[in-house]
Amino acid sequence: MTGVQPSARPGRAPAPRRWATDPLAPVLLLTPAAVLAAAQASALTWAMLGGLAGYTLSGSV
Amino acid sequence: MFVVGLVVGGLLSAVVLGLASGLFAPVPPVWRYGATVLAALLGLLRELGPAGVPLAPIRLPQNTRQVPQDVLQRSLVRGALQFGFELGTGVRTYLSASAPYVLAVAVLLAGQRLHVAVLAGLGFGAGRAATPLLRRASGVAADWDTRLQARLRGITVLAGAAMLAAFAMLTP
């Protein structure tokens, strides 16, 4: 039926929310950003690389 | 408060490393650069390998003790802050990836630039905080946990590759 949003599967968020909060999302954003920042020798490179390093510990307590 | 603790903990560890970087400041910048890139390469090779067997089977030191659960039972707010702080320092937690070690080496060899350490530490804490925040934002924690487990190797490999590329470009 047109104009009707498909409901999310039980136990799963709606698709847009699922994509936006995917565990890979931060890495897919930070990886090119860090490389671009490094290419311009920006000090922000360190913050991005720090973010990547911290995020790799996802699941570790 | 947990997120605040993570960021403050990450910042503290990075500042300590930044201060310690003075010990390596006399080393010629090109040697420090080479050592950083080598560490990043080894870190990436440690994440790569078929069937979970790393191409660089390097055992790295870690304090395999965890923050005790009763920290949260004594006081929820202070406990959350302390829990996050200890996780953020990276001292009392499992370090299951190579990237934090590579970052630590890079900060140590960065030539006593404290602003670099501060940025790295703030970023580390924020990266650590991204996990619980994203998990909560997903709305379905169990599904997010399942997806994380499936993507964890991709996360560590991509991060390792990004660190190698970035540090290779940050020439002295």
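When I speak of the angle between two helices, I mean the angle between their N-to-C directions, which runs from 0 to 180 degrees, with each axis being a line fitted to C-alpha atoms over the stretch in contact. With that in hand, let me take you through this structure, which is a predicted model, beginning at the place where that angle is needed.

Helix α2 of chain A and helix α7 of chain B pack at an angle of about 5°, and their axes are 8 Å apart. Because angles under 35 degrees count as roughly parallel, α2(A) is described as roughly parallel to α7(B). On the chain A side, the residues that make this contact are A:V27, A:T31, A:A34, A:V35, A:A38 and A:A39, and they meet B:I155, B:L158, B:A159, B:A162, B:A165, B:A166 and B:M169 of α7(B). Sorted by class, this contact of α2(A) with α7(B) has 12 nonpolar residues, 1 polar residue and no charged ones.

Let me step back to the two chains. Chain A has 3 helices and 0 strands, and buried residues account for 39% of its 61 residues. Chain B has 7 helices and, again, 0 strands, with buried residues making up 44% of its 172 residues. If we take the contacts in chain B between residues at least 6 apart in sequence, 81% of them join residues at least 24 apart.

How many residues of each chain take part in the contact between the chains? There are 47 residues of chain B in contact with 35 residues of chain A. On the side of chain B that touches chain A, α5, α6 and α7 each supply at least two residues, and by class that side has 29 nonpolar, 14 polar and 4 charged residues.

That brings me to the largest nonpolar core, which has 58 residues, and in which A:A34, A:L49, A:L52, B:L103, B:V107, B:A120 and B:M163 touch the most other members. The elements giving two or more residues to this core are α2 and α3 of chain A, together with α1, α2, α4, α5, α6 and α7 of chain B.

Helix α2(B), residues 29-47, has 19 residues and reaches 27 Å from its first C-alpha to its last, close to the 27 Å expected at 1.5 Å a residue. Its buried residues include B:R32, B:V37, B:L42, B:R46 and B:E47, and the buried residues of α2(B) pack against α5 and α7 of chain B. Just after α2(B) comes B:G49, with a positive phi of about 145°. Helix α4(B) has 14 residues and reaches 20 Å, close to the 20 Å expected for it; among its buried residues are B:L81, B:F83, B:F85, B:E86 and B:L87. α4(B) is followed by B:G90, whose phi is also positive, in this case near 75°.

As background, most residues other than glycine have a negative phi. A:A41, which is not a glycine, has a positive phi of about 55°, and A:A41 lies in the loop between α2 and α3 of chain A. Is A:A41 buried or exposed? With 10 C-beta neighbours inside 10 Å, A:A41 counts as exposed, since 12 or fewer is the limit for that class. The other case is B:Q112, with a phi near 55°, placed in the loop between α5 and α6 of chain B; B:Q112 has 15 C-beta neighbours inside 10 Å and so counts as partly exposed.

B:L170 is buried, because 21 other C-beta atoms lie within 10 Å, where 20 or more are required. As a distance to check in your viewer, the C-alpha atoms of B:L170 and B:A150, which are 20 residues apart along the chain, are separated by 32 Å.

Notes:
Residues are numbered from 1 along each chain as its sequence is written. Chains are lettered from A and ligands numbered from 1 in the order in which they are written. This is a predicted model: local features need pLDDT of at least 70, side-chain atom pairs count only at pLDDT 80 or more; totals for chains, interfaces and linings use all residues. Helices (H or I, at least four residues) and strands (E, at least two) are DSSP runs, numbered from the N terminus. The expected span of a helix is 1.5 Å times one less than its number of residues. Two residues are in contact if their C-beta atoms, placed from the backbone, lie within 7 Å. A nonpolar core is a set of buried Ala, Val, Leu, Ile, Met, Phe, Trp, Tyr and Cys residues joined through C-beta atoms within 7 Å. Ala, Val, Leu, Ile, Met, Phe, Trp, Tyr, Cys and Pro count as nonpolar, Asp, Glu, Lys and Arg as charged, and the others, Gly among them, as polar. Angles under 35 degrees count as roughly parallel, over 145 as roughly antiparallel, 65 to 115 as roughly perpendicular and the rest as oblique.
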